[in-house]
Amino acid sequence: MSGGAPGAAPPALAVRGLTKRFGGFVALDGVSLDVPEGSITGLIGPNGAGKTTLFATVAGFLPPDGGTVSLRGQDVTAAPPWRLHQAGLARTIQIPRLFARMTVLENLMVAAPDQPGERLPLPWIARARIARDEAALGERALAVLARLNLADHAEAPATALSGGQKKLVELGRALMSGASLILLDEPAAGVNRTLLREIAATIARLNREDGITFLVIEHDLDLVAELCDPVHVMAEGRVIASGTMAAVRGDPQVAEAYLGMAIEPVE
Amino acid sequence: MEQAALYLATMLTLAGIYAALALGLNLQWGLTGLMNFGGLGFVAMGAYTAALLTAPASASHLGGFGWPWWAAWPLAAFAGVALALPIGAIALRLRADYLAVATIGIAEIVRLAVRNEDWLTGGPLGVPGIPRPFEALGLPWGQVAYLALVAAVVAGLFALAQATARSPFGRALRAVRDDEEAAKAVGKNPARLRLQAFLLGAAFMGLGGAMLSAFFKFMGPEALDPVTTTFLVWVMLIAGGSGNNTGAVLGAVAVWAVWAATDWLAAQLPGELATRAAYVRLFLIGLALQVILLARPQGLIGERIGQR
(Lines give C-alpha, C1' and ligand atoms only; values in the text may rest on other atoms or scores of the structure.)
Protein backbone atom coordinates (compact mmCIF):
# COMPACT_ATOMS: atom_id res chain seq x y z
CA MET A 1 0.00 0.00 0.00
CA SER A 2 2.75 2.44 0.91
CA GLY A 3 5.16 3.99 -1.51
CA GLY A 4 4.61 6.00 -4.66
CA ALA A 5 6.94 8.55 -6.07
CA PRO A 6 7.75 11.44 -3.74
CA GLY A 7 5.34 14.29 -4.29
CA ALA A 8 3.01 12.15 -6.40
CA ALA A 9 0.01 11.96 -4.06
CA PRO A 10 -0.71 14.22 -1.12
CA PRO A 11 -0.38 12.58 2.30
CA ALA A 12 -3.53 11.18 3.89
CA LEU A 13 -3.19 13.84 6.56
CA ALA A 14 -1.00 16.92 6.58
CA VAL A 15 -0.84 19.12 9.68
CA ARG A 16 0.96 22.45 9.43
CA GLY A 17 1.76 24.79 12.28
CA LEU A 18 -1.26 23.68 14.30
CA THR A 19 -1.67 25.72 17.47
CA LYS A 20 -4.13 25.29 20.34
CA ARG A 21 -4.18 27.31 23.55
CA PHE A 22 -6.25 26.83 26.67
CA GLY A 23 -6.09 30.23 28.34
CA GLY A 24 -2.39 30.82 28.93
CA PHE A 25 -1.45 27.17 28.41
CA VAL A 26 -0.13 26.30 24.96
CA ALA A 27 -1.23 22.71 24.32
CA LEU A 28 -0.16 22.63 20.66
CA ASP A 29 2.71 24.87 19.70
CA GLY A 30 2.90 24.85 15.91
CA VAL A 31 2.62 21.12 15.26
CA SER A 32 3.51 19.97 11.75
CA LEU A 33 3.41 16.35 10.68
CA ASP A 34 2.42 14.08 7.81
CA VAL A 35 0.58 10.80 7.82
CA PRO A 36 1.57 9.08 4.56
CA GLU A 37 -1.21 7.41 2.59
CA GLY A 38 -1.46 3.73 3.49
CA SER A 39 0.79 3.95 6.54
CA ILE A 40 0.31 3.10 10.18
CA THR A 41 1.86 6.21 11.64
CA GLY A 42 2.74 6.29 15.33
CA LEU A 43 2.41 9.23 17.67
CA ILE A 44 4.31 8.92 20.93
CA GLY A 45 5.46 11.20 23.69
CA PRO A 46 5.17 11.64 27.44
CA ASN A 47 1.87 12.41 29.15
CA GLY A 48 0.79 15.99 28.58
CA ALA A 49 2.69 16.26 25.29
CA GLY A 50 -0.51 17.25 23.49
CA LYS A 51 -1.19 14.04 21.58
CA THR A 52 -4.87 13.75 22.44
CA THR A 53 -5.34 17.50 21.96
CA LEU A 54 -3.83 17.07 18.49
CA PHE A 55 -6.37 14.34 17.73
CA ALA A 56 -9.25 16.44 19.01
CA THR A 57 -8.14 19.47 17.01
CA VAL A 58 -7.51 17.52 13.80
CA ALA A 59 -10.87 15.73 14.06
CA GLY A 60 -12.79 18.96 14.55
CA PHE A 61 -13.65 18.55 18.24
CA LEU A 62 -11.65 21.62 19.23
CA PRO A 63 -11.21 24.76 17.11
CA PRO A 64 -7.53 25.46 16.42
CA ASP A 65 -5.97 28.83 17.22
CA GLY A 66 -3.73 28.64 14.19
CA GLY A 67 -2.34 26.38 11.51
CA THR A 68 -3.98 24.13 8.93
CA VAL A 69 -5.14 20.56 8.57
CA SER A 70 -5.55 18.95 5.18
CA LEU A 71 -7.04 15.62 4.31
CA ARG A 72 -5.61 14.24 1.05
CA GLY A 73 -4.81 17.75 -0.11
CA GLN A 74 -8.22 19.17 0.87
CA ASP A 75 -8.14 21.89 3.51
CA VAL A 76 -10.37 20.78 6.40
CA THR A 77 -9.12 23.15 9.11
CA ALA A 78 -11.80 23.67 11.80
CA ALA A 79 -14.40 21.59 9.92
CA PRO A 80 -16.97 20.09 12.31
CA PRO A 81 -16.51 16.42 13.26
CA TRP A 82 -19.51 15.17 11.23
CA ARG A 83 -18.16 16.75 8.08
CA LEU A 84 -14.76 15.07 8.62
CA HIS A 85 -16.56 11.81 9.37
CA GLN A 86 -18.27 12.05 5.98
CA ALA A 87 -14.94 12.87 4.39
CA GLY A 88 -13.52 9.59 5.70
CA LEU A 89 -11.78 10.54 8.93
CA ALA A 90 -12.81 8.71 12.11
CA ARG A 91 -11.47 9.11 15.60
CA THR A 92 -11.60 6.76 18.56
CA ILE A 93 -11.60 8.07 22.10
CA GLN A 94 -8.95 7.06 24.64
CA ILE A 95 -11.36 5.66 27.20
CA PRO A 96 -14.03 3.90 25.16
CA ARG A 97 -17.35 5.67 25.42
CA LEU A 98 -20.02 3.37 24.15
CA PHE A 99 -23.68 4.30 24.05
CA ALA A 100 -24.75 2.70 27.31
CA ARG A 101 -28.40 2.08 26.56
CA MET A 102 -27.77 0.39 23.23
CA THR A 103 -26.75 -3.10 22.25
CA VAL A 104 -23.27 -3.74 20.85
CA LEU A 105 -24.82 -4.12 17.39
CA GLU A 106 -26.67 -0.79 17.68
CA ASN A 107 -23.43 0.85 18.79
CA LEU A 108 -21.96 -0.13 15.45
CA MET A 109 -25.03 0.59 13.34
CA VAL A 110 -25.31 4.13 14.64
CA ALA A 111 -21.80 4.86 13.36
CA ALA A 112 -22.62 4.41 9.67
CA PRO A 113 -22.50 7.75 7.82
CA ASP A 114 -25.21 9.23 5.58
CA GLN A 115 -28.15 7.21 6.86
CA PRO A 116 -31.32 8.35 5.07
CA GLY A 117 -33.33 7.15 8.08
CA GLU A 118 -31.73 9.88 10.16
CA ARG A 119 -33.34 12.58 8.05
CA LEU A 120 -36.87 13.60 8.98
CA PRO A 121 -39.48 13.04 7.69
CA LEU A 122 -38.18 9.86 6.01
CA PRO A 123 -38.59 7.72 9.16
CA TRP A 124 -42.33 8.49 9.01
CA ILE A 125 -43.04 8.22 5.30
CA ALA A 126 -40.52 5.74 3.90
CA ARG A 127 -40.76 2.95 6.45
CA ALA A 128 -40.26 0.11 3.95
CA ARG A 129 -37.13 1.65 2.48
CA ILE A 130 -35.67 2.31 5.91
CA ALA A 131 -36.43 -1.24 7.03
CA ARG A 132 -34.44 -2.46 4.00
CA ASP A 133 -31.56 -0.09 4.75
CA GLU A 134 -31.56 -1.21 8.38
CA ALA A 135 -31.43 -4.90 7.44
CA ALA A 136 -28.43 -4.26 5.18
CA LEU A 137 -26.76 -2.10 7.83
CA GLY A 138 -27.31 -4.80 10.45
CA GLU A 139 -25.59 -7.34 8.20
CA ARG A 140 -22.65 -5.03 7.70
CA ALA A 141 -22.36 -4.37 11.45
CA LEU A 142 -22.46 -8.12 12.13
CA ALA A 143 -19.68 -8.67 9.60
CA VAL A 144 -17.54 -6.04 11.35
CA LEU A 145 -18.28 -7.65 14.73
CA ALA A 146 -17.25 -11.02 13.29
CA ARG A 147 -13.90 -9.58 12.20
CA LEU A 148 -13.40 -8.32 15.73
CA ASN A 149 -14.44 -11.66 17.28
CA LEU A 150 -17.40 -10.00 18.94
CA ALA A 151 -20.25 -11.54 16.94
CA ASP A 152 -21.46 -13.49 19.99
CA HIS A 153 -22.00 -10.23 21.86
CA ALA A 154 -24.06 -8.49 19.17
CA GLU A 155 -27.28 -8.39 21.19
CA ALA A 156 -25.63 -7.77 24.57
CA PRO A 157 -25.97 -4.33 26.13
CA ALA A 158 -22.78 -2.33 25.56
CA THR A 159 -22.27 -2.09 29.33
CA ALA A 160 -21.81 -5.87 29.59
CA LEU A 161 -18.48 -5.84 27.71
CA SER A 162 -15.01 -5.86 29.28
CA GLY A 163 -12.77 -2.84 28.90
CA GLY A 164 -10.76 -4.48 26.13
CA GLN A 165 -13.88 -5.52 24.25
CA LYS A 166 -15.15 -1.97 24.47
CA LYS A 167 -11.92 -0.84 22.78
CA LEU A 168 -12.67 -3.26 19.96
CA VAL A 169 -16.21 -1.89 19.63
CA GLU A 170 -14.75 1.61 19.50
CA LEU A 171 -12.55 0.43 16.62
CA GLY A 172 -15.59 -1.28 15.07
CA ARG A 173 -17.49 2.00 15.09
CA ALA A 174 -14.61 3.64 13.25
CA LEU A 175 -14.74 0.82 10.69
CA MET A 176 -18.49 1.25 10.24
CA SER A 177 -17.87 4.83 9.19
CA GLY A 178 -16.06 3.48 6.13
CA ALA A 179 -13.21 5.80 7.08
CA SER A 180 -9.98 5.59 5.11
CA LEU A 181 -8.07 7.37 7.86
CA ILE A 182 -8.58 6.36 11.48
CA LEU A 183 -7.09 8.15 14.48
CA LEU A 184 -6.67 5.60 17.29
CA ASP A 185 -6.10 6.93 20.79
CA GLU A 186 -4.24 4.33 22.85
CA PRO A 187 -5.79 1.18 21.42
CA ALA A 188 -3.76 -1.03 23.78
CA ALA A 189 -4.06 0.86 27.08
CA GLY A 190 -5.49 -1.24 29.88
CA VAL A 191 -5.86 -4.30 27.69
CA ASN A 192 -4.54 -7.77 28.61
CA ARG A 193 -1.69 -9.30 26.56
CA THR A 194 -3.89 -11.67 24.57
CA LEU A 195 -6.32 -8.99 23.51
CA LEU A 196 -3.43 -6.62 22.84
CA ARG A 197 -2.01 -9.09 20.30
CA GLU A 198 -5.45 -9.39 18.77
CA ILE A 199 -5.90 -5.63 18.49
CA ALA A 200 -2.43 -5.21 16.95
CA ALA A 201 -3.12 -7.97 14.43
CA THR A 202 -6.49 -6.42 13.58
CA ILE A 203 -4.95 -3.00 12.93
CA ALA A 204 -2.22 -4.53 10.74
CA ARG A 205 -4.78 -6.58 8.80
CA LEU A 206 -7.11 -3.62 8.24
CA ASN A 207 -4.15 -1.63 6.96
CA ARG A 208 -2.99 -4.42 4.67
CA GLU A 209 -6.31 -5.76 3.39
CA ASP A 210 -8.55 -2.70 3.43
CA GLY A 211 -5.90 -0.08 2.81
CA ILE A 212 -6.96 1.95 5.85
CA THR A 213 -4.41 4.53 7.00
CA PHE A 214 -3.93 4.82 10.76
CA LEU A 215 -2.51 7.43 13.07
CA VAL A 216 -1.99 5.73 16.44
CA ILE A 217 -1.27 7.24 19.84
CA GLU A 218 0.30 4.52 21.97
CA HIS A 219 2.45 4.28 25.08
CA ASP A 220 3.48 0.67 24.51
CA LEU A 221 6.65 1.40 22.55
CA ASP A 222 7.23 -2.22 21.56
CA LEU A 223 3.83 -2.25 19.94
CA VAL A 224 4.66 1.02 18.16
CA ALA A 225 7.97 -0.40 16.96
CA GLU A 226 6.17 -3.44 15.62
CA LEU A 227 3.28 -1.64 13.90
CA CYS A 228 4.21 1.90 13.06
CA ASP A 229 6.31 3.55 10.40
CA PRO A 230 6.90 6.46 10.51
CA VAL A 231 6.71 7.57 14.14
CA HIS A 232 6.32 11.15 15.34
CA VAL A 233 7.43 12.10 18.84
CA MET A 234 5.71 14.96 20.65
CA ALA A 235 6.76 16.81 23.78
CA GLU A 236 5.35 20.01 25.26
CA GLY A 237 3.07 20.66 22.32
CA ARG A 238 5.74 20.23 19.65
CA VAL A 239 6.93 17.50 17.32
CA ILE A 240 10.52 16.90 18.39
CA ALA A 241 11.44 13.97 16.17
CA SER A 242 10.08 12.00 13.23
CA GLY A 243 11.27 8.88 11.47
CA THR A 244 11.39 5.14 12.00
CA MET A 245 11.07 3.89 15.57
CA ALA A 246 14.73 2.85 15.52
CA ALA A 247 15.77 6.33 14.48
CA VAL A 248 13.69 8.22 17.02
CA ARG A 249 14.78 5.85 19.80
CA GLY A 250 18.35 6.95 19.22
CA ASP A 251 17.48 10.64 19.26
CA PRO A 252 18.90 12.31 22.41
CA GLN A 253 16.08 14.88 22.42
CA VAL A 254 13.54 12.07 22.61
CA ALA A 255 15.40 10.42 25.48
CA GLU A 256 15.43 13.73 27.31
CA ALA A 257 11.73 14.30 26.75
CA TYR A 258 10.92 10.97 28.31
CA LEU A 259 13.19 12.01 31.22
CA GLY A 260 14.19 8.85 32.94
CA MET A 261 11.83 6.57 31.05
CA ALA A 262 14.14 3.86 29.78
CA ILE A 263 14.30 3.89 26.03
CA GLU A 264 16.73 1.21 25.03
CA PRO A 265 18.15 1.30 21.54
CA VAL A 266 16.24 -1.09 19.36
CA GLU A 267 17.87 -4.54 19.15
CA MET B 1 -74.96 5.65 36.03
CA GLU B 2 -74.95 8.22 33.28
CA GLN B 3 -73.24 10.61 35.67
CA ALA B 4 -70.50 8.05 36.30
CA ALA B 5 -70.01 7.46 32.57
CA LEU B 6 -69.74 11.19 32.00
CA TYR B 7 -67.21 11.52 34.80
CA LEU B 8 -65.17 8.65 33.40
CA ALA B 9 -65.21 10.16 29.88
CA THR B 10 -64.06 13.50 31.30
CA MET B 11 -61.23 11.92 33.25
CA LEU B 12 -60.10 9.79 30.32
CA THR B 13 -60.12 12.80 28.00
CA LEU B 14 -57.80 14.69 30.34
CA ALA B 15 -55.62 11.59 30.74
CA GLY B 16 -55.39 11.42 26.93
CA ILE B 17 -54.35 15.06 26.69
CA TYR B 18 -51.69 14.43 29.33
CA ALA B 19 -50.54 11.41 27.34
CA ALA B 20 -49.90 13.73 24.36
CA LEU B 21 -47.83 16.02 26.59
CA ALA B 22 -45.92 13.09 28.10
CA LEU B 23 -45.16 11.71 24.62
CA GLY B 24 -43.78 15.12 23.65
CA LEU B 25 -41.62 15.27 26.75
CA ASN B 26 -40.44 11.72 26.11
CA LEU B 27 -39.15 12.76 22.68
CA GLN B 28 -37.24 15.57 24.33
CA TRP B 29 -36.08 14.08 27.62
CA GLY B 30 -36.55 10.34 27.28
CA LEU B 31 -35.02 9.98 23.85
CA THR B 32 -32.71 12.97 23.59
CA GLY B 33 -31.95 14.00 27.18
CA LEU B 34 -33.26 17.56 26.82
CA MET B 35 -34.37 19.07 30.11
CA ASN B 36 -37.49 21.04 29.26
CA PHE B 37 -39.00 22.53 32.40
CA GLY B 38 -41.14 24.95 30.44
CA GLY B 39 -43.90 22.66 29.20
CA LEU B 40 -46.44 25.29 30.16
CA GLY B 41 -45.08 27.75 27.61
CA PHE B 42 -45.55 25.38 24.69
CA VAL B 43 -48.95 24.18 25.91
CA ALA B 44 -50.06 27.80 26.30
CA MET B 45 -48.95 28.67 22.77
CA GLY B 46 -51.01 25.81 21.37
CA ALA B 47 -53.97 26.46 23.66
CA TYR B 48 -54.24 30.16 22.84
CA THR B 49 -53.61 29.67 19.14
CA ALA B 50 -56.44 27.15 18.93
CA ALA B 51 -58.64 29.28 21.20
CA LEU B 52 -58.26 32.49 19.16
CA LEU B 53 -58.73 30.69 15.86
CA THR B 54 -61.83 28.69 16.82
CA ALA B 55 -63.70 31.03 19.21
CA PRO B 56 -66.44 33.33 17.91
CA ALA B 57 -65.51 36.95 17.20
CA SER B 58 -65.10 39.07 20.32
CA ALA B 59 -64.00 42.59 21.17
CA SER B 60 -62.22 41.47 24.36
CA HIS B 61 -59.40 39.63 22.58
CA LEU B 62 -57.80 39.31 19.16
CA GLY B 63 -59.93 37.68 16.53
CA GLY B 64 -62.20 34.91 17.34
CA PHE B 65 -62.08 33.63 13.80
CA GLY B 66 -64.54 30.78 14.17
CA TRP B 67 -62.30 28.27 12.40
CA PRO B 68 -63.10 24.57 12.60
CA TRP B 69 -60.90 22.60 15.02
CA TRP B 70 -59.26 20.53 12.29
CA ALA B 71 -57.88 23.66 10.66
CA ALA B 72 -56.81 25.29 13.93
CA TRP B 73 -55.14 22.37 15.70
CA PRO B 74 -52.27 21.88 13.24
CA LEU B 75 -51.50 25.59 13.60
CA ALA B 76 -51.53 25.14 17.38
CA ALA B 77 -48.85 22.46 17.02
CA PHE B 78 -46.95 24.86 14.81
CA ALA B 79 -47.25 27.60 17.45
CA GLY B 80 -45.45 25.29 19.89
CA VAL B 81 -42.69 24.86 17.29
CA ALA B 82 -42.52 28.62 16.71
CA LEU B 83 -41.82 29.16 20.41
CA ALA B 84 -39.30 26.32 20.55
CA LEU B 85 -37.29 27.42 17.53
CA PRO B 86 -35.59 30.54 18.96
CA ILE B 87 -35.00 28.94 22.40
CA GLY B 88 -33.63 25.79 20.85
CA ALA B 89 -31.42 27.59 18.37
CA ILE B 90 -29.77 29.47 21.22
CA ALA B 91 -29.86 27.21 24.28
CA LEU B 92 -29.30 23.80 22.67
CA ARG B 93 -25.74 24.66 21.75
CA LEU B 94 -24.93 25.20 25.40
CA ARG B 95 -24.70 22.68 28.21
CA ALA B 96 -27.81 20.69 29.06
CA ASP B 97 -28.70 22.61 32.22
CA TYR B 98 -28.87 25.91 30.33
CA LEU B 99 -31.84 24.61 28.40
CA ALA B 100 -33.63 23.85 31.67
CA VAL B 101 -33.09 27.42 32.85
CA ALA B 102 -34.04 28.89 29.47
CA THR B 103 -37.27 26.90 29.27
CA ILE B 104 -38.33 27.86 32.80
CA GLY B 105 -37.72 31.49 31.87
CA ILE B 106 -39.62 31.34 28.60
CA ALA B 107 -42.60 29.62 30.23
CA GLU B 108 -42.78 32.44 32.78
CA ILE B 109 -42.58 35.04 29.98
CA VAL B 110 -45.41 33.34 28.09
CA ARG B 111 -47.49 33.18 31.27
CA LEU B 112 -46.99 36.89 31.98
CA ALA B 113 -47.65 37.86 28.36
CA VAL B 114 -50.88 35.89 28.37
CA ARG B 115 -52.01 37.63 31.56
CA ASN B 116 -51.08 41.15 30.50
CA GLU B 117 -51.52 41.46 26.73
CA ASP B 118 -55.26 42.08 26.94
CA TRP B 119 -55.67 43.01 23.27
CA LEU B 120 -54.34 39.60 22.25
CA THR B 121 -55.46 37.13 24.90
CA GLY B 122 -58.20 38.94 26.77
CA GLY B 123 -55.88 39.21 29.77
CA PRO B 124 -57.36 37.84 33.00
CA LEU B 125 -60.76 37.47 31.31
CA GLY B 126 -59.30 34.95 28.91
CA VAL B 127 -60.93 33.56 25.79
CA PRO B 128 -64.43 32.23 26.49
CA GLY B 129 -66.80 30.38 24.19
CA ILE B 130 -64.26 28.02 22.60
CA PRO B 131 -66.30 25.42 20.74
CA ARG B 132 -65.62 21.81 21.64
CA PRO B 133 -65.83 19.35 18.74
CA PHE B 134 -69.02 17.24 18.82
CA GLU B 135 -70.64 19.24 21.62
CA ALA B 136 -73.74 19.52 19.41
CA LEU B 137 -74.35 15.84 20.22
CA GLY B 138 -75.27 16.88 23.78
CA LEU B 139 -74.36 15.05 26.97
CA PRO B 140 -73.08 12.44 27.46
CA TRP B 141 -72.51 11.55 23.79
CA GLY B 142 -70.76 14.79 22.89
CA GLN B 143 -68.28 14.13 25.72
CA VAL B 144 -67.73 10.56 24.60
CA ALA B 145 -67.21 11.65 20.99
CA TYR B 146 -64.64 14.21 22.10
CA LEU B 147 -62.90 11.51 24.10
CA ALA B 148 -62.79 9.41 20.93
CA LEU B 149 -61.26 12.32 19.01
CA VAL B 150 -58.61 12.88 21.68
CA ALA B 151 -57.89 9.15 21.75
CA ALA B 152 -57.49 9.12 17.96
CA VAL B 153 -55.08 12.09 18.08
CA VAL B 154 -53.08 10.43 20.87
CA ALA B 155 -52.98 7.17 18.89
CA GLY B 156 -51.61 9.11 15.93
CA LEU B 157 -49.01 10.85 18.09
CA PHE B 158 -48.05 7.53 19.65
CA ALA B 159 -47.53 5.97 16.22
CA LEU B 160 -45.42 8.94 15.16
CA ALA B 161 -43.38 8.79 18.38
CA GLN B 162 -42.80 5.06 17.93
CA ALA B 163 -41.77 5.48 14.29
CA THR B 164 -39.35 8.19 15.43
CA ALA B 165 -37.88 6.26 18.35
CA ARG B 166 -37.33 3.06 16.39
CA SER B 167 -35.80 4.71 13.33
CA PRO B 168 -32.14 5.49 12.66
CA PHE B 169 -33.09 9.06 13.60
CA GLY B 170 -34.20 7.87 17.05
CA ARG B 171 -31.00 5.86 17.38
CA ALA B 172 -28.96 8.97 16.63
CA LEU B 173 -30.96 10.88 19.26
CA ARG B 174 -30.19 8.18 21.82
CA ALA B 175 -26.52 8.38 20.87
CA VAL B 176 -26.51 12.12 21.56
CA ARG B 177 -28.31 11.52 24.85
CA ASP B 178 -25.96 8.76 26.03
CA ASP B 179 -22.67 10.48 25.13
CA GLU B 180 -22.35 13.66 23.12
CA GLU B 181 -18.59 13.35 22.48
CA ALA B 182 -18.94 9.79 21.24
CA ALA B 183 -21.91 10.85 19.09
CA LYS B 184 -19.69 13.44 17.44
CA ALA B 185 -16.99 10.81 16.97
CA VAL B 186 -19.46 8.67 15.00
CA GLY B 187 -20.34 11.61 12.79
CA LYS B 188 -23.54 12.92 14.37
CA ASN B 189 -24.36 16.61 14.59
CA PRO B 190 -25.72 16.93 18.13
CA ALA B 191 -26.96 20.51 17.76
CA ARG B 192 -29.10 19.65 14.73
CA LEU B 193 -30.49 16.42 16.20
CA ARG B 194 -31.34 18.10 19.51
CA LEU B 195 -33.10 20.95 17.76
CA GLN B 196 -35.23 18.55 15.70
CA ALA B 197 -36.23 16.53 18.77
CA PHE B 198 -36.97 19.71 20.70
CA LEU B 199 -39.22 21.09 17.93
CA LEU B 200 -41.03 17.79 17.51
CA GLY B 201 -41.73 17.54 21.23
CA ALA B 202 -42.93 21.16 21.26
CA ALA B 203 -45.37 20.36 18.44
CA PHE B 204 -46.86 17.56 20.56
CA MET B 205 -47.23 19.98 23.48
CA GLY B 206 -48.84 22.64 21.30
CA LEU B 207 -51.36 20.12 20.04
CA GLY B 208 -51.99 19.02 23.62
CA GLY B 209 -52.71 22.65 24.48
CA ALA B 210 -55.23 22.88 21.62
CA MET B 211 -57.07 19.80 22.88
CA LEU B 212 -57.02 21.23 26.40
CA SER B 213 -58.54 24.58 25.42
CA ALA B 214 -61.36 22.88 23.50
CA PHE B 215 -61.94 20.57 26.46
CA PHE B 216 -62.24 23.49 28.92
CA LYS B 217 -64.18 25.55 26.34
CA PHE B 218 -62.29 28.44 27.90
CA MET B 219 -58.67 29.53 28.04
CA GLY B 220 -57.35 32.00 30.59
CA PRO B 221 -54.23 32.56 32.67
CA GLU B 222 -55.67 30.54 35.57
CA ALA B 223 -56.39 27.55 33.35
CA LEU B 224 -52.69 26.73 33.05
CA ASP B 225 -50.38 26.53 36.02
CA PRO B 226 -46.83 25.19 36.14
CA VAL B 227 -47.69 22.46 38.63
CA THR B 228 -50.33 20.73 36.53
CA THR B 229 -48.98 21.64 33.09
CA THR B 230 -45.24 21.18 33.53
CA PHE B 231 -44.31 19.22 36.61
CA LEU B 232 -47.16 16.74 36.61
CA VAL B 233 -46.08 15.73 33.09
CA TRP B 234 -42.53 15.12 34.35
CA VAL B 235 -43.89 12.94 37.12
CA MET B 236 -45.97 11.02 34.56
CA LEU B 237 -43.02 10.40 32.26
CA ILE B 238 -40.66 9.35 35.02
CA ALA B 239 -43.26 7.16 36.72
CA GLY B 240 -44.25 5.53 33.46
CA GLY B 241 -40.77 4.97 32.11
CA SER B 242 -38.61 7.59 30.47
CA GLY B 243 -37.39 6.55 27.03
CA ASN B 244 -40.41 4.32 26.45
CA ASN B 245 -43.45 5.70 24.59
CA THR B 246 -45.76 3.08 26.06
CA GLY B 247 -44.43 4.02 29.48
CA ALA B 248 -45.19 7.69 28.81
CA VAL B 249 -48.84 6.93 27.99
CA LEU B 250 -49.20 4.50 30.87
CA GLY B 251 -47.62 6.97 33.30
CA ALA B 252 -49.97 9.73 32.12
CA VAL B 253 -53.06 7.60 32.74
CA ALA B 254 -51.83 6.17 36.06
CA VAL B 255 -50.61 9.44 37.57
CA TRP B 256 -53.68 11.28 36.35
CA ALA B 257 -55.89 8.66 38.03
CA VAL B 258 -54.04 9.18 41.32
CA TRP B 259 -54.10 12.97 40.94
CA ALA B 260 -57.84 13.03 40.19
CA ALA B 261 -58.61 10.59 43.01
CA THR B 262 -56.77 12.71 45.58
CA ASP B 263 -58.62 15.75 44.24
CA TRP B 264 -61.89 14.00 44.94
CA LEU B 265 -60.71 12.83 48.37
CA ALA B 266 -59.56 16.31 49.34
CA ALA B 267 -62.94 17.73 48.38
CA GLN B 268 -64.64 15.37 50.87
CA LEU B 269 -62.73 16.94 53.77
CA PRO B 270 -64.51 19.60 55.81
CA GLY B 271 -63.92 23.33 55.31
CA GLU B 272 -60.42 24.53 55.92
CA LEU B 273 -58.91 21.07 55.76
CA ALA B 274 -59.96 20.84 52.10
CA THR B 275 -57.99 24.00 51.33
CA ARG B 276 -54.94 22.66 53.11
CA ALA B 277 -55.27 19.30 51.42
CA ALA B 278 -54.68 20.94 48.04
CA TYR B 279 -51.19 21.88 49.20
CA VAL B 280 -50.56 18.52 50.81
CA ARG B 281 -51.31 17.04 47.40
CA LEU B 282 -48.48 19.05 45.83
CA PHE B 283 -46.18 17.88 48.56
CA LEU B 284 -47.24 14.29 47.97
CA ILE B 285 -46.59 14.50 44.23
CA GLY B 286 -43.06 15.75 44.95
CA LEU B 287 -42.59 12.99 47.49
CA ALA B 288 -43.88 10.39 45.04
CA LEU B 289 -41.34 11.57 42.47
CA GLN B 290 -38.52 11.18 45.01
CA VAL B 291 -39.66 7.69 45.94
CA ILE B 292 -39.93 6.60 42.31
CA LEU B 293 -36.50 7.97 41.46
CA LEU B 294 -34.94 6.16 44.42
CA ALA B 295 -36.84 2.90 44.32
CA ARG B 296 -37.56 2.39 40.64
CA PRO B 297 -35.67 4.92 38.53
CA GLN B 298 -36.66 3.19 35.30
CA GLY B 299 -40.38 3.72 36.04
CA LEU B 300 -43.24 1.26 35.53
CA ILE B 301 -41.82 0.06 32.23
CA GLY B 302 -38.38 1.42 31.52
CA GLU B 303 -36.52 1.77 28.27
CA ARG B 304 -35.76 -1.57 26.67
CA ILE B 305 -32.24 -2.14 25.40
CA GLY B 306 -32.42 -3.86 22.03
CA GLN B 307 -35.70 -5.50 20.83
CA ARG B 308 -36.93 -2.45 19.06
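Q: Helices here are DSSP runs of H or I with at least four residues, numbered from the N terminus. Going by that, where is the place of B:K217 in chain B?
A: In this predicted model, B:K217 is in the loop between α9 (190–216) and α10 (226–240) of chain B.

Q: What is the phi of B:K217 near?
A: The value is near 60°, which is positive, and the residue is not a glycine.

Q: Why call B:K217 partly exposed?
A: Because 15 other C-beta atoms lie within 10 Å of B:K217, and the partly exposed class falls between 12 or fewer for exposed and 20 or more for buried.

Q: And A:A78, where is that found?
A: A:A78 is in chain A, in the loop between β5 (74–75) and α2 (81–86). Its phi is also a positive value, near 65°.

Q: Is A:A78 buried or exposed?
A: Exposed, because A:A78 has 12 other C-beta atoms within 10 Å and the exposed class takes 12 or fewer.

Q: Switching to peptide bonds. Which residue is joined to A:P121 by a cis bond?
A: A:L120, with omega at about 5°. A:P121 is in the loop of chain A between α3 (104–109) and α4 (122–125).

Q: What about the bond from A:D229 to A:P230, cis or trans?
A: Cis, with omega near 0°. A:P230 is in the chain A loop between α8 (221–227) and β9 (231–235).

Q: Fine. How many helices and strands in chain A?
A: Chain A has 10 helices and 10 strands.

Q: Why is chain A described as compact?
A: Its radius of gyration is 19 Å, close to the 18 Å given by the globule rule for 267 residues, so chain A is as compact as a globular protein of that length. The C-alpha trace spans about 60 × 40 × 40 Å along its principal axes.

Q: What percentage of chain A is buried?
A: Of its 267 residues, 44% are buried. For contacts in chain A with a separation of 6 or more, 66% are between residues 24 or more positions apart.

Q: What's the mean pLDDT of chain A?
A: It is 91, and 94% of the residues in chain A reach 70 or more. Over residues 1–5 of chain A the pLDDT is below 50, and that stretch has seven contacts in the model beyond near neighbours in sequence.

Q: Now the contact between the chains. How many residues from chain B and from chain A?
A: 24 residues from chain B and 31 residues from chain A. On the chain B side, α6 (141–165), α7 (168–178) and α8 (180–185) each supply at least two residues. The largest share of that side, seven residues, is from α7(B).

Q: How does that side of chain B divide by residue type?
A: Into 10 nonpolar, six polar and eight charged residues.

Q: Last topic, the largest nonpolar core. Which residues touch the most other members?
A: B:Y18 and B:A22, out of 173 residues in the core. The largest share of the core is 16 residues, from α9(B).

Q: Why is the core said to lie between domains of chain A?
A: Because domain 1 (1–98 + 178–267) and domain 2 (100–160) of chain A both give residues to the core.

Q: What is B:A22 in contact with, leaving aside neighbours within four places in sequence?
A: Among its contacts are B:V233, B:M236, B:L237, B:A248 and B:V249.

Conventions:
Residues numbered from 1 in each chain as written. Chains lettered and ligands numbered in written order. Predicted model: local features only at pLDDT ≥ 70, side-chain atom pairs only at ≥ 80, totals over all residues. Contact = placed C-beta atoms within 7 Å. Nonpolar A, V, L, I, M, F, W, Y, C, P; charged D, E, K, R; others polar. Rg over C-alpha atoms; globule rule 2.2 N^0.38 Å. Core = buried A, V, L, I, M, F, W, Y, C linked by C-beta atoms within 7 Å. Domains from an automatic or database assignment. pLDDT = per-residue confidence, 0-100.
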